[in-house]
Amino acid sequence: MAQAIAKHLTFEEYLAYDDGTDTRYELVNGELVPMPPESRLNAKTAMFLLFELRKFVSEHRLCHKDTEIEVTGRFATARLPDLMVLTEELAEILKGAPRATITRDMPPQFVVEVVSPGQENANRDYRYKRSEYAARGIPEYWIADPIKQQVTVFTLVEGLYEEVVYTS
């Protein structure tokens, strides 16, 4: 029996996609991946970081689980980071936009991901997103890991991330 081959969505098809629900999706190599609700620990970690960042960055440059970013993958890929800090220019561009989408020609200042429990989620944040964000040229990427109780800060140097791990 022949199996149907799933069609990979383009980035434009992803932007136009509406299944009539409130489900949030990431586009990973052309496939829609539903984003489940976060654990309470993850939500609290992201909120804590948001409040701390607000001490140093004006609120119009902060994004909290509400702005998607196009990244490079085998097929079209769009991520929904937990937090982002936008450049002043990018904040102005998105100010009047009908959808909070950052395309490849619009680099944010940095991105923060909070690791959800489970090995698959850790791989997504530590491996896949790391390479996607580096290829995208995002200058800084943080991984907040509430289970390990650490924050890993990746700084882009000559196209690759160098990392420093902070604990406690």
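This is a predicted model: local features need pLDDT of at least 70, side-chain atom pairs count only at pLDDT 80 or more; totals for chains, interfaces and linings use all residues.

**Entry 1: the helix α2**

Which exposed residues does the face of α2 turned away from its buried side carry? I found Arg40, Lys44, Phe48 and Phe51 there.

The buried residues of α2 are Asn42, Thr45, Ala46, Leu49, Leu50 and Leu53. They take up an arc of only 135 degrees around the axis, so they sit on the same side of α2.

I also checked the length of the helix. α2 runs over residues 40–54, and its 15 residues at 1.5 Å each should span 21 Å. The C-alpha atoms at its ends are 21 Å apart, which agrees.

What covers the buried residues of α2? The cover includes the strands β3, β6, β8 and β9. That sent me to the sheet.

**Entry 2: the sheet**

I wrote down the strand order as β3-β6-β8-β9-β10-β11, an open sheet of six strands with mixed pairing. The edges are β3 (62–64) and β11 (160–167); each has a single partner strand, so one side of each has no neighbour in the sheet. From one strand to the next, the twist averages 15 degrees.

Reminder for myself: strands of a sheet pair through backbone hydrogen bonds, in either the parallel or the antiparallel sense.

Then I went through some of the pairs. β3 pairs with β6 (residues 83–85) in the antiparallel sense, over three bridges. His64 has Leu83 as its bridge partner in β6. β9 and β10 run antiparallel and are joined by six bridges; Glu140 has Thr155 as its partner in β10.

How many of the six residues of β9 are buried? I get five, so β9 is largely enclosed by the rest of the structure.

β9 and β10 form a hairpin, with four residues between them. One of the residues in the turn is Gln149, which has a positive phi of about 55 degrees. Is Gln149 buried or exposed? Its relative accessibility is 61%, and the cut-off for exposed is over 50%, so Gln149 counts as exposed.

I listed what Gln149 touches, skipping residues up to four places away in sequence: Tyr166, Thr167 and Ser168. Gln149 and Val111 are 38 residues apart along the chain, and their C-alpha atoms are separated by 18 Å.

**Entry 3: Glu70**

Last stop was Glu70, which I found in strand β4 (residues 68–71). Glu70 has 10% relative accessibility, and buried means under 20%, so it counts as buried.

Which residues is Glu70 in contact with, leaving aside its neighbours within four places in sequence? My list reads Phe11, Thr77, Ala78, Ile102, Thr103, Arg104 and Arg136. I took a closer look at Arg104: its backbone nitrogen lies 3.2 Å from a polar atom of the Glu70 side chain.

One more distance before I close the page. Glu70 and Ala144 are 74 residues apart in sequence, and from C-alpha to C-alpha they are 21 Å apart in space.

Technical notes: Residues are numbered from 1 along each chain as its sequence is written. Side-chain values use heavy atoms; hydrogens and water are left out. Helices (H or I, at least four residues) and strands (E, at least two) are DSSP runs, numbered from the N terminus. Buried means under 20% relative accessible area, exposed over 50%, partly exposed in between (1.4 Å probe, protein chains only). Contact means heavy atoms within 4.5 Å. A polar contact is a pair of N or O atoms within 3.5 Å; within protein, one must be able to donate a hydrogen and the other to accept it, and residues adjacent in sequence count only if both atoms are side-chain atoms. Two strands pair if DSSP finds at least two bridges between them. Axes are lines fitted to C-alpha atoms, for helices over the stretch in contact, and angles run from 0 to 180 degrees between N-to-C directions. The expected span of a helix is 1.5 Å times one less than its number of residues. The arc is that of the directions from the helix axis to the C-beta atoms.
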